[in-house]
Amino acid sequence: MNPQTLQLICFYAFSFVTVAAALSVISLKNTVHAVLALVLTFFSAACLWLLLEAEFLALALIVVYVGAVMVLFLFVVMMLDIDQEKMREGFVKFLPVGLIVAVVMLVEMLGLVGVRAMNAHVLGENPAVAAGMSNTEWLGHALYTTFLLPFEIAALILTVGVVAAVALTLRERRDARYETPSQQVRVDPRNRVRIVKMAAVRPDEPTASQEPQS
């Protein structure tokens, strides 16, 4: 079989699985099944990126989303007690409005794609192929050599954003209990545990509740 024909068949197969899994995410009634369908959607999209020689994006999608984010979503969904009936109330009622909005958005996106396709410029040669490297190797080499300073600045900005988000959301509540490590270290164990000595009772001796009443 021609390699291009095999690649085209794989592309259509992966595309079909991606679209079918994406439709299953919004159509399945079971939330856990919907999350598993989303995992399949991401994995199929990663396969498509591998066919397009975007190895870094494919690996990042599998490692970050499939391997971490979606597994976390799956455990959270399995632990939560979600009422399916309340979540689907009004779905049929607002379905026509949702379809109209979706069709309008689809027409707008197709119009933008058409305009961009008419004004598209011919791209140059793939720099990874020109350098004789794989896509991931060329991207890592470019990030840590040519674009090292912008990469470090972006990492610093993301770190500041994470710290700021934690600082903004960290608020003391009066109705919540907090632990103070310094107070826990200064606690005397003799004041926390009290040992009480009681007289031993033999099994053959009657207790107070077993004594005959007169």
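User: Where is the place of L80?

Analyst: This is a predicted model. In it, L80 sits in the loop between α3 (55-79) and α4 (84-87).

User: What makes the nonpolar patch on the surface, and how much accessible area does it have?

Analyst: L80 is one of its members. Nonpolar side chains are then joined within 5 Å.

User: Let me step back to the overall fold. How many helices and strands does the protein chain have?

Analyst: Ten helices and zero strands. From the N terminus on, the elements run α-α-α-α-α-α-α-α-α-α.

User: What share of the 214 residues in the protein chain is buried?

Analyst: Buried residues make up 10%. The accessible surface of the chain comes to about 18800 Å². Carbon and sulfur atoms hold 68% of that surface.

User: Among contacts between residues at least 6 apart in sequence, what share joins residues at least 24 apart?

Analyst: The share is 53%.

User: How do you know that the span of helix α1 agrees with its number of residues?

Analyst: Helix α1 covers residues 3-27, which is 25 residues. At 1.5 Å a residue, the helix should span 36 Å. The expected span uses one less than the number of residues. The end C-alpha atoms of α1 are 36 Å apart, so the two values agree.

User: Which residues are buried in α1, and what do the buried residues of α1 pack against?

Analyst: S15, T18 and A21 are buried in α1. The buried residues of this helix pack against α2.

User: Why is T18 called buried?

Analyst: T18 is found in helix α1. Its relative accessible area is 15%. The cut-off for buried is under 20%. T18 is under that cut-off, so it counts as buried. Leaving aside neighbours within four places in sequence, T18 is in contact with T41, S44, A45 and L48.

User: S44 is in that list. Is S44 buried or exposed, and why?

Analyst: S44 has 5% relative accessibility, so it counts as buried. Again the cut-off is under 20%. S44 is found in helix α2, residues 31-51. Beyond its neighbours within four places in sequence, S44 is in contact with F14, V17 and T18.

User: Why is A58 called buried?

Analyst: A58 has a relative accessible area of 0%, so it is buried by the cut-off of under 20%. A58 lies in helix α3. Setting aside neighbours within four places in sequence, A58 is in contact with A46, W49 and L50. The C-alpha atoms of A58 and A46 are separated by 4.3 Å, though the two residues are twelve apart along the chain.

User: What does F42 touch, not counting residues up to four places away in sequence?

Analyst: F42 touches L61, Y65, V66 and M70. F42 itself lies in helix α2. F42 and M70 are 28 residues apart in sequence, and 9.4 Å apart in space, C-alpha to C-alpha.

User: Now the cysteines. How many disulfides does a search of the whole structure find?

Analyst: The search finds zero.

How values were computed:
Residues numbered from 1 in each chain as written. Predicted model: local features only at pLDDT ≥ 70, side-chain atom pairs only at ≥ 80, totals over all residues. Heavy atoms only, no water. Helix = DSSP H or I, 4+ residues; strand = E, 2+ residues; numbered from the N terminus. Buried < 20%, exposed > 50% of the residue type's maximum accessible area, 1.4 Å probe, protein only. Contact = heavy atoms within 4.5 Å. Disulfide = S-S within 2.5 Å. Areas by Shrake-Rupley, 256 points an atom, 1.4 Å probe, with all protein chains shown as cover. Patch = residues over 30% accessible without salt bridge, like charges linked within 9 Å, V, L, I, M, F, W, Y side chains within 5 Å. Salt bridge = Lys/Arg side-chain N within 4 Å of Asp/Glu carboxyl O.
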